[in-house]
Amino acid sequence: MALRTSHTDLLIIGAGPAGLMAACWASQFRGMSTRIIDEKPHRTETGHADGIHSRTLEIFDSFGMADPILRKGVREVEMSYWAVNKDTENLECQHRVQSQPEGLSRFPQTLLNQGEVEQVMLDYLEERGRVQVERQKRADRIYFTDDDNDTHPVVVETKALKADRMMHLLRPEDLEEHAAQVTEAIHARYIIACDGAKSLAREQLGVQLEARSTDSMWGVVDIVPITDFPDIRQSCAIHSDEFGSVMTAPRENHLVRFYIQLKGDSGLEKKALSQSDETPDALIQLIQRALHPYSLTYKYCDWWSLYPIKQCLANQFQVKNRAFLAGDAAHTHSPKAGQGMNVSIQDTYNLVWKLGSVITGTLDSKVLQTYQLERHPVAEELMAMDSRLVHAYEDSKASISEVSKIREEYTGFMSGVEVTYQPNVLVSSGERGESTTATNIKLGMRFRTVPVLNQASACTIQLTELLSSNGAWRLLVFSGDLQQKKNVDRLTKFAEQPGFQEWQHPVDVILIHPGPRTSVNLLELPEMFHPFDKKLGWDYGRVFADDGAYGGGNGHAYEEYGIDRHSGCLALCRPDQHVAWIGGLEQASRLDAYFSALHSLDTFDN
């Protein structure tokens, strides 16, 4: 078979959650060619990940994909902790806690199987019509060309795999007999390896893993339970000194997921570990033992699996600033906190807008080094949290309250909303006092939302609805009270600064004034805030009032963000909604310097 040669700007290897998010992001950049390949014949059908945290839902919402997930999924409101009362020897609920504190995010933690989540992204890609998953195509060999001037220096030789619904379950060494000859050599400017924990791409790139394995083994099973256990439709941690730990998570279509600690010291554990047709029944018997005196039976099992608790972290997330690892290819851990799918999606959400900006010529390629700087520390913290949780679940001497304590400590991190990137060329250090103008907006953290009123229509929207994932930067201009002439003059002077005009087009400028809405005439504001189009007329979607006249939680934006209503501030958000820079209206020259640095980037050469 003749070897076909092709070229693409971006090649994504793996069409799981990380790869599909990468493709969704890439589909926003029309000046960039993108391909995504996967060796499996179809998406995930059942099982695997099922927890979708708040930040992930915020990300999905920025693409317009949150609604189908919220419709199909099960909202997790409360978590209960069960253990045996040592005095009565009865299993009882010893602690209940709200799964997510109020005000953390407008989206709740939601439970839905991974396949359905993948399908939502696949539907989005089909609607966009720019990127399509090429299935049963395996990245067999990856190497870099020797030519330093080669614009497409990463070569991926692929093999077309035969149709086999069970092929993805085979060991890598057995795949060869299911493969045809090498059919294509794809020359790419950049690649992202999203091909899972046993990543062949990672192996080809020579990236080493730091393994942190333990000897523990767990089982997982998705069933429709028939039980008198009262908290079966809540997430539970059930601890037994004698029988180990069981975790539950309510799911769609009456399903419940059970995680079962396998100690391996009895006939039941050994039967479960046999990985035979009897394994699901053995797992259910272990659950029955831990739930006693409550009963549990089932008629339908959707999926089951066994897994060792194994932590692995890649020592680098990128190679030669051309190849990048994301998701399970970069880090693996236990499913105890439901982080796998979420952190994987958040990895590529961080990366691909940077790749798109570099490929389309908006940013210098050295900004890609911030992927390692920003996401590797997140993976490190994930490992630390996961280790503590696993120990708390498995230690027979630990109380059930220890699990609750750890989860509460890491709530902001687990939900994803408090992940904060440290200063780098894309995140200002704030050393010059910029952050004092908005005391509750944190540099490097995702910009949290509040409701505001559209100046023209008086309709309430969430401010982050204006931060959709289309590759644009947003400059939020908090003007201060425009009933004060000095603030009108400051706003006019800001809009006329010549240095800012250079960045006006690639940055969406949004004005939020502290109301009342009727005190401002939109068309009397600088044209920057209502640009005119000969066909569409004035733009009425850039000015908003922090006006509480219509209720609904309005009128608190300045207060929530810690912004003085008399002086205001500027807040710059990156395309991934993280806050990049904060300053006063008189500091627009520093904003110009910030953008200039993204092209010169002397920072990386020192």
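How does D140 count in relative accessibility: buried, partly exposed or exposed? With a relative accessibility of 21%, D140 counts as partly exposed. Here, buried means under 20% relative accessible area, exposed means over 50%, and partly exposed lies in between (1.4 Å probe, protein chains only).

The model is predicted: local features need pLDDT of at least 70, side-chain atom pairs count only at pLDDT 80 or more, and totals for chains, interfaces and linings use all residues. Residues are numbered from 1 along each chain as its sequence is written, and side-chain values use heavy atoms, with hydrogens and water left out.

D140 takes part in a salt bridge with K159. The closest N and O atoms of this pair are 3.9 Å apart. A salt bridge is defined as a side-chain nitrogen of Lys or Arg within 4 Å of a carboxyl oxygen of Asp or Glu. Helices (H or I, at least four residues) and strands (E, at least two) are DSSP runs, numbered from the N terminus. K159 is buried, at 8% relative accessible area.

Across the whole structure, the search finds 31 salt bridges. Another of them joins K72 and E116, with an N to O distance of 3.3 Å. This pair links distant parts of the chain. K72 sits in helix 3 (residues 66-72), E116 in helix 4 (residues 114-128), and the two are 44 residues apart. K72 is partly exposed at 40% relative accessibility. E116 is also partly exposed, at 24%.

The side chains of D539 and R542 form a further salt bridge, at 2.9 Å from N to O. D539 is partly exposed, with a relative accessible area of 27%. R542, by contrast, counts as buried at 19%. Elsewhere, salt bridges that share partners join R4, R35, E134, K137 and E184 into one network.

The strands provide a second theme. Strands of a sheet pair through backbone hydrogen bonds, either parallel or antiparallel. In this model, three strands form an open sheet in the order 3-7-4, with antiparallel pairing. Two strands count as paired if DSSP finds at least two bridges between them. Strand 3 (51-52) and strand 4 (74-75) are the edge strands, each pairing on one side only. Strand 3 pairs with strand 7 (residues 110-111) over two bridges. The bridge partner of G51 in strand 7 is L111.
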